[in-house]
Protein chains: 2
Amino acid sequence: MKGFFNLLTSRKFQALLADFEPLSSETVSLDKALGRVVSEAISATEDLPPFSRSTMDGYAVRARDCFGAGESEPALLSISGEIRMGEDARGIRVGPGQAARIWTGGCLPPGADAVVMLEYVREPGDGLIEVFRAVAPSENVIERGQDFRKGETVIPAGTRLRAQELGVLAGLGILKVKVRRRPLAVIISTGDELVPPEASPSPGKIRDINSTTLKALAELDGCRTFSMGIVPDSYQEMLQACERAVDMGADLVLISGGSSVGNRDFTMKVFEDLEGCRLLAHGVAIRPGKPTLLARKDNTVLFGLPGHVGSAMVVYWLFVRYAVSVLLGTSPDNGITRVRAMCGEPFPSVMGREDYVRVVLESPEKGMEEGSGLVARPVHGKSGLISTLVKAHGLLVIPRDSEGFHQGEYGEVIILS
Amino acid sequence: MKGFFNLLTSRKFQALLADFEPLSSETVSLDKALGRVVSEAISATEDLPPFSRSTMDGYAVRARDCFGAGESEPALLSISGEIRMGEDARGIRVGPGQAARIWTGGCLPPGADAVVMLEYVREPGDGLIEVFRAVAPSENVIERGQDFRKGETVIPAGTRLRAQELGVLAGLGILKVKVRRRPLAVIISTGDELVPPEASPSPGKIRDINSTTLKALAELDGCRTFSMGIVPDSYQEMLQACERAVDMGADLVLISGGSSVGNRDFTMKVFEDLEGCRLLAHGVAIRPGKPTLLARKDNTVLFGLPGHVGSAMVVYWLFVRYAVSVLLGTSPDNGITRVRAMCGEPFPSVMGREDYVRVVLESPEKGMEEGSGLVARPVHGKSGLISTLVKAHGLLVIPRDSEGFHQGEYGEVIILS
């Protein structure tokens, strides 16, 4: 494919992105922290749980007192007390031959090391119980600090906070967290053929789609966004738009359109002329997405994305999302699901470029081998169409050094979210 | 496993949930519609694209005029004009033997049916061009309506709107969409051992975790949430809390805690005594999650979830998320990724219950067969621990009629988000 061999590989393009610095931190309260990325490792301020707890309703016992107990030979223990939920159990002691009534979540009293479930106990009266089954030490017990010990790292730096991590923080009483500032993505569409979505296009014009899709993608990835709308195809206006974006503190500038040779040339010139800005890449050996531009001004990432919405989205997924991860100081694979799938049809390609082919994933047909997993089939339709992206489940990656996949071969599919 | 055989299967439990009605609709603007679920199918109000467009910089031609053209025998055409970006091309006509200069995204002029790329054209001057390659009809052209034809369904009812769908709507100028109202999930924790996350627990007490995790999960699924905090372990107070939740318009009431026999009994009694409420299920044959309660008052779904945070989250993923999907009128599988994985170790289970085992997923080792995909290994640690959920990538599903998986067998893993 003409021209692809002189372009950057996607790996080199990503290496340029990896050079940007993570953003500064800010402190947010726990109830605003979902989806944010922690900037420093968080350690346990105390043991979690703070005391050994029962996981069953039953009796707290000394396991050794029930060794050998069985249906025909129950262990006989005397009841030394009852631990009510939420009560300090230190007032109750389980000595040899003793047991204490306990509920799920109750605090294990001193002396006891296991809990025997209620269903294996009979209460004949007179403050005695019969235990019909042996228990091992710490059976039906969660030990103090078994989730996390005081001082232990609970959440490493760079973690994107999910419900699970928020739960751990709540359990430890950590109600404020240091997280990376949300990147500001400024979105610019360019092209004399474009009108805003609210306009009725005259003949020859079409509505701007990229402003909407890129904004949504950036928001899903945790960015704040600002849409500048449509900037006319003019060097001067585009230069001013970029200056304005930088002035307002943009961490990412996403310019789409201008993929035809003439337009692309002036976007490139704007990136070169913008004060303190350096053009890092003027093309990448992938399809779609070849004409992608990358520039850097201080720590601001400037992208020139293809005008076709389908191509712009693919470049977003491959590179803009990667850049957002770098700015957030999190793993670039965070939030990206890759699956292996069997090619249900041949996928021809050309040496020297990576292809990202829109595919639907189907369940394997009956009679196929056990591990075959999913079957990938191409979504038919030209890459400039947005309907093909609506239909696609993922992008099949055809490597640079490959002429494609035969039917039955396995490839990697990036799941589109 | 004692008692599991008399419980509802997860499928029957889900069938009870499928009986609830989708919520009413509201109209939102496109820029607020990301992640919302459309309540009515949306049709194209016009053709998209509204005219045939070039996907390349080059010349608009009649394909038949270039049949047989090649390096040694170029087709000679005369230039009839240039279509500037965003211009109405109806003033230009491409007749037999003619061509018109066109840019990527430009409107194909009448008469032309294909575009020949600039790199296969030489311009010797005198208003003539030489074309060195044949083109097929509609090559390098996206036809009018090729994305969507006027009247065609663009987005089916029940679709959760992603960036792709928003882009299509922007392209069609559809700036308002009818979507399902966001469900209101009211979250209640109960248990005398609980204190709020901001409190310092006295001995025997622990901080409430479920309020935080369930709120985050419900928000991720598109719910509005209201946390009632901790309600004491009392029939009267819990009944009042449920009445208050219903009064404030709750679509879902998520009560967690009370998994010990005594507490669970009064939550069950509250569900039975709440006016107009009906208990639908008092247990399900899964582990963890067996003591889950389900009730219905009008179209409000009331859940009694286990108190252990790990169990409560699993039940959320399996059933609460399912209920949210039903209320939103979308597919219950929407947003849930399932993968097949090979068991890297034996996973024993017991007939009569479904097991949801926390696993990490690893890449297959070298030398393993091609299609083997991911390898699942158990996360060690008791199911009451939240740390095991922080570490887990997914839940391996062990079916009800199985005694587990041998090493090397394949199973289905639900990816935890």
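Tutor: Two strands pair if DSSP finds at least two bridges between them. Keep that in mind for this predicted model.

Student: What is the order of the strands in the open sheet of 6 strands in chain A?

Tutor: The order is E16-E13-E17-E21-E20-E18, and the pairing is mixed.

Student: Which strands stand at the edges?

Tutor: An edge strand here has a single partner strand. In chain A these are E16 (224-231) and E18 (277-282), so one side of each has no neighbour in the sheet.

Student: How many bridges join E13 to E16 in chain A?

Tutor: There are 7, and the two strands run parallel. E13 covers residues 184-190. Leu184(A) stands opposite Arg224(A) in E16(A). From one strand to the next, the twist of the sheet averages 15 degrees.

Student: Now the whole chain. How many helices and strands does chain A have?

Tutor: Chain A has 7 helices and 28 strands. Its radius of gyration is 31 Å, well over the 22 Å from the globule rule for 417 residues, so chain A is more spread out than a compact globule. Its C-alpha trace spans about 95 × 55 × 40 Å along the principal axes.

Student: How are interfaces sized?

Tutor: Often by the accessible area lost when the parts come together. Here we have contact counts instead: 76 residues of chain B are in contact with 75 residues of chain A.

Student: Which element gives the most to the side of chain B that touches chain A?

Tutor: H2(B) does, with 8 residues. The residues on that side of chain B divide into 34 nonpolar, 23 polar and 19 charged.

Technical notes:
Residues are numbered from 1 along each chain as its sequence is written. Chains are lettered from A and ligands numbered from 1 in the order in which they are written. This is a predicted model: local features need pLDDT of at least 70, side-chain atom pairs count only at pLDDT 80 or more; totals for chains, interfaces and linings use all residues. Helices (H or I, at least four residues) and strands (E, at least two) are DSSP runs, numbered from the N terminus. The radius of gyration is taken over C-alpha atoms; the globule rule is 2.2 Å times the number of residues to the power 0.38. Two residues are in contact if their C-beta atoms, placed from the backbone, lie within 7 Å. Ala, Val, Leu, Ile, Met, Phe, Trp, Tyr, Cys and Pro count as nonpolar, Asp, Glu, Lys and Arg as charged, and the others, Gly among them, as polar. Axes are lines fitted to C-alpha atoms, for helices over the stretch in contact, and angles run from 0 to 180 degrees between N-to-C directions.
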